[in-house]
Amino acid sequence: MKTSSSPTRFLDPAILSRLGSLELIARTVVEGFVSGLHQSPYLGFSVDFAEYRQYMPGDDIRRIDWKVFARSDRCYVKEYEGETNTNVYLLLDVSGSMGYQSASVSKIEYASYLAACLAYFAQRQKDNVGLVTFDDHLVDKLPARCRLGHLNSLLHLLDKVRPTAKTEFGRPLQALAETLRRKGIVVLISDLYAPPEDVVQSLRHFRFKGNDLVVFHILDPQERNFEFSRSLRMEDMETKRQIVMVPEAVRENYLRLLNGHIETLKKECGVLGADYLLLDTSRPLDYALYSYLYTRHKSM
Amino acid sequence: MSFLSPLFLFAGLAIIAPILLHLVRREETRKVPFSSLMFVTRMPKKSWRKQKLRHLLLLSLRVAALLLLVLAFARPFFTWKVSAPIQTLQSRSLIVLLDNSFSMRFADRFEKAKTQALQLVSRLAGRDSVQVVVFSDTSQALNSPQTERGTIQTLIRGVQPSYRSTNYAQALKLANQLLASAPGEVREIHWISDFQQTGWNDAQQDLALDEGVKVQSYDVAGTDLGNAAVSRVQVSEARSAESVQLKVRAEVSAFGLKAAAPAGVKLEIGDKLLQQKQVFLDPDGSQEVEFDPFNQPPGVSTGRVELAYSDPLPLDNVFNFVLEQRKAQKLLLLAEGRDRSSLYLSKALGGSPDSPFVVDLQDIGSNISFDLSPYSAVLVNNVAGITPRWASTFYDFVSKGNGIIFLAGERVSPVGFKGTIEKVLPARITAAYKANASRKELFIGEIQKQHPIFKVFEAVHYSYFQSTPFSGYLQCAPHEGSQVLARLEDGSPLLVEAPVGKGRSLLFTSSLNMDWNDLPLKSIFLPFCQQLVKYSVNFEESPNAFSVGDVIPLGKLNPLLGKLLNSKRTESFSQSWKIQKPFGEIVELNDRDLFKSSFFTLDEPGLYQTTVRNSRNWVAANVSNSESDLRKVEPQKILSAIRKNDTQTRSHSQPLQGSADQRLAWEAQQHLWWFLGLLALAILLVESFLANRYYKDTVEQ
């Protein structure tokens, strides 16, 4: 994976210039929208105090209620209702399989770019955007915020993800769904190497709470085409299991199973009301976003 | 192709290795991280590594190189391109058994045989000793065991084909005997022949070669076996009151001709063409050509029957013979009265025009002359008794070298054969046996089959005699010195013989008419009667022709020479006797030769001419008709017969059974392993070049 010290490296101006002409339209307009076409679940800006919550690393220290700190010697930040138009939750799969790279960009890089773009875009829409990274458990969670510094925090979090462990959708996403108190847009960015029923089951929790679901299925071109040649010992990046194989002999079956997997996901997502978009890391990122927003636009 | 170390061929299984390597391609099983093997693990496990051969050219080269190396280590050698070399680590004693029988004159057989023999000798190791044995119906070792190749090759080059027949068993026996005293540790017979089937008789062979004697056969016969020949000529006399005519019958045989063909058969008498006939030769078969009877003046003359047919063996197309008119011998047949009891006998002896006898039938009771000098033999048939005068006459007659035969019958009274006649009779007659209700008929129980009287019946069957019932016979007691030639089943003598002076006396205790048996009605009656008389008079039939290889008394070459030799008059040997052989060679026999050996070997076909005191005589010799039949016996058949006697044999057509030393020599001569190794090396070089290119391509990928 490529690394960079600049957290803004994900915000390619060229990509953003293309995205500037599109609007992210939330499917559900129950809670209204602010400057974008999408609707926020809560109308207008609000400065109404909602609750205190314990300070967490990443929170802007300016949001600490110093009075409470003075009284209790604990750091709490204030939560305000109606702080933004809608919440966008970016769920980023950081399991080991996401580290696969056959071209110039690995899947996790591509997914990070995508997440950053979406976050930036949501920021422009004055939406709260949060980021959750997970593998077989929740790795990092950045609550949805809309403040200026929040994007940097999000980008910083994106920058430090390292794919290692196995993928599991059920437990971490269920736990996440339990903590979401406001409806919003849940964006799942993953290679979805799990049984489709597990993926759908996990998403069903979010859907059950009224969230709008968008699924970005990220695959490497080599995963899609399986164009290996000559006998090789293939190692699973998550389980570390190794299999000696002749790719030519495996390819046909592999592609059949993969396409079946994709078709199943697409079908199940459709049934669930989630938007499914298969992205290939070889394709330009702006194209991927454009395709997605175009799809969303058509569906409105 | 054979292999010196065939077990190395199992190493050929090693070609599995490169095939597996190409399938597995271990050199390319690099570790490739992949996002997830979720889909792969869902497939059947065996499909992960469903192999496909890659780099087929490389694989082919590797397999080829491996196979060539395996072949090279197996040390192959060809056996059909070169003759078997005779090289050994041990010293050998070899017998080169070279067939020079007449059949080897067919086309270029003998030249091929000599070439084969010379090749054998040329490949000998230095310490190998060789004896050359040429054989036909006789076998002759040309040398003692020798190691000098040049000498042996000179001997072989000097061998000429003979005109004699073939006898394989005798040759092999001689070879075996020679090897028994041979110095070599390994003993081998190299048998070069055309393997003519007439040279081998399955029934006669008691051939046993010593253990360890190896026999290798070399067949030089080729495939063309067609031949035609005049296999037999029979000359018979047709006597009439006015003249004696000769009739010639010739048997023409064809063996393995490719197609039936017409041919002319000529009869020449005294170098003059007398008659000519046309025949149509079957591819396999024989037919008789009968020439018209012709008159021939008394004396000896020569003749020949020639078959006008072109084949690679022309010598057997001619059959030479000698014509000699002999006076018929007179026989006196004495009986009582002129009854018909002697009818069968007189007809059997003198009834046919070509019979050598003339029968004078007389009544023993009449007042006839007692001068028996015109007769060669006297037959006393069924008379009651012999008067003393007749008895003494008979005694004198037989003592001078003539024959007498007593024949029994109903009239014979044992009492009548007492007294003086007992000196002439070979047995004392005691009683007469006659079958009746209480006495059964008897059959012949025993015959001396090798006796000249009965030997001629060998070709037919003795059952003609043994199936004849005898209802009567004279019981007798043979004298000392007498020989019983046939007995009845109760042991009683049927035919008794005894020498009397220089002559012979015979007693047939039963009848030769219909009194006591029905022999006169049997086909053997005539030859039996004639054999009886011929034996009694010591009748010698001079054949019209002999076979090449026959050894004849010098008297046969010229009767006068025989008489002179028998007379032992030394003055007769003051001059050398010359024999002109068929091909013009003159053989001079001096006194010493005549004393030393009174026999002469006929070793060429044609006419042998001898002149003694202006008496010129010819003897004809012809190639044995068995030699004209060129059909082959498989060498393996003979070899298998020999093998029964625990002898190691092998045929040239089965060179793979050669000894280890020979195989080693074969292989050493050809060095095929060297070429195979070189080829394998070249292939490996190409393989290396190609493999490097593939490797570079792989690395670049």
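This is a predicted model: local features need pLDDT of at least 70, side-chain atom pairs count only at pLDDT 80 or more; totals for chains, interfaces and linings use all residues.
The secondary structure of chain B comprises 17 helices and 34 strands. The chain has 701 residues, and 39% of them count as buried. When contacts in chain B between residues at least 6 apart in sequence are considered, 77% of them join residues at least 24 apart.

In soluble globular proteins, nonpolar side chains tend to be buried together. In this model the largest nonpolar core contains 84 residues, and V96(B), L97(B) and V133(B) have the most contacts inside it. Helix α6 of chain B, residues 168-180, contributes the largest share of this core, with six residues. With neighbours within four places in sequence left aside, the contacts of V96(B) are A117(B), L120(B), V130(B), V132(B), V133(B), H190(B) and I192(B). Another core, of 64 residues, lies apart from the largest one and includes V380(B), F470(B), Y473(B) and V533(B).

Helix α11 of chain B covers residues 525-536. At 1.5 Å a residue, its 12 residues should span 16 Å, and the distance of 17 Å between its end C-alpha atoms agrees with this. The buried residues of α11(B) are F528(B), C529(B), Q530(B), L532(B), V533(B), K534(B), Y535(B) and S536(B). After the helix comes N538(B), which has a positive phi, near 55°.

L349(B) counts as buried because it has 25 C-beta neighbours inside 10 Å. Beyond its neighbours within four places in sequence, L349(B) is in contact with L331(B), S355(B), F357(B), V359(B), C529(B), Q530(B) and V533(B). The C-alpha atoms of L349(B) and F528(B) are 9.8 Å apart, although 179 residues separate the two in sequence.

D360(B) belongs to strand β18 of chain B, residues 357-363. With 16 other C-beta atoms within 10 Å, D360(B) is partly exposed. Its contacts, neighbours within four places in sequence aside, are K330(B), L331(B), L332(B) and L333(B). Between D360(B) and K330(B), which lie 30 residues apart along the chain, the C-alpha separation is 7.1 Å.

Strands of a sheet pair through backbone hydrogen bonds, either parallel or antiparallel. In chain B, five strands form an open sheet with mixed pairing, in the order β27-β33-β32-β29-β30. The edges are taken by β27 (546-547) and β30 (586-589), each of which has a single partner strand, so one side of each is left without a neighbour in the sheet. Strand β29(B), residues 577-580, pairs with β30(B) in the antiparallel sense over four bridges. Within this pair, I579(B) lies opposite V587(B).

A further antiparallel pair in chain B joins strand β10 (residues 244-255) to β13 over six bridges. E251(B) stands opposite E288(B) of β13(B). Strand β13(B) spans residues 285-290 and is hardly covered, as the count of buried residues among its six residues is zero.

Chain A contains an open sheet of six strands, also with mixed pairing, in the order β5-β4-β3-β6-β7-β10. Strands β5 (138-145) and β10 (275-280) of chain A are at the edges with a single partner strand each, so one side of each has no neighbour in the sheet. On average, neighbouring strands of this sheet are turned by 15° against each other, direction ignored. Strands β3 (residues 87-93) and β4 (residues 128-134) of chain A pair in the parallel sense over seven bridges, and the bridge partner of L91(A) in β4(A) is V132(A). Helix α4 of chain A, residues 148-159, packs on the sheet and touches β4 and β5 of chain A. The direction of α4(A) makes about 165° with that of β5(A).

The contact between the chains takes 23 residues from chain B and 29 residues from chain A. On the side of chain B, β2 (30-34) and α2 (45-48) each supply at least two residues, and β2(B) gives the most, with five residues. By class, this side of chain B has 10 nonpolar, five polar and eight charged residues. Strand β2(B) also pairs with strand β8 (residues 232-236) of chain A, in the parallel sense and over five bridges. In this pairing, D236(A) stands opposite F34(B).

Conventions
Residues are numbered from 1 along each chain as its sequence is written. Chains are lettered from A and ligands numbered from 1 in the order in which they are written. The expected span of a helix is 1.5 Å times one less than its number of residues. A residue is buried if 20 or more other C-beta atoms lie within 10 Å of its own, exposed if 12 or fewer, and partly exposed in between; C-beta atoms are placed from the backbone. Two residues are in contact if their C-beta atoms, placed from the backbone, lie within 7 Å. Two strands pair if DSSP finds at least two bridges between them. A nonpolar core is a set of buried Ala, Val, Leu, Ile, Met, Phe, Trp, Tyr and Cys residues joined through C-beta atoms within 7 Å. Ala, Val, Leu, Ile, Met, Phe, Trp, Tyr, Cys and Pro count as nonpolar, Asp, Glu, Lys and Arg as charged, and the others, Gly among them, as polar. Axes are lines fitted to C-alpha atoms, for helices over the stretch in contact, and angles run from 0 to 180 degrees between N-to-C directions.
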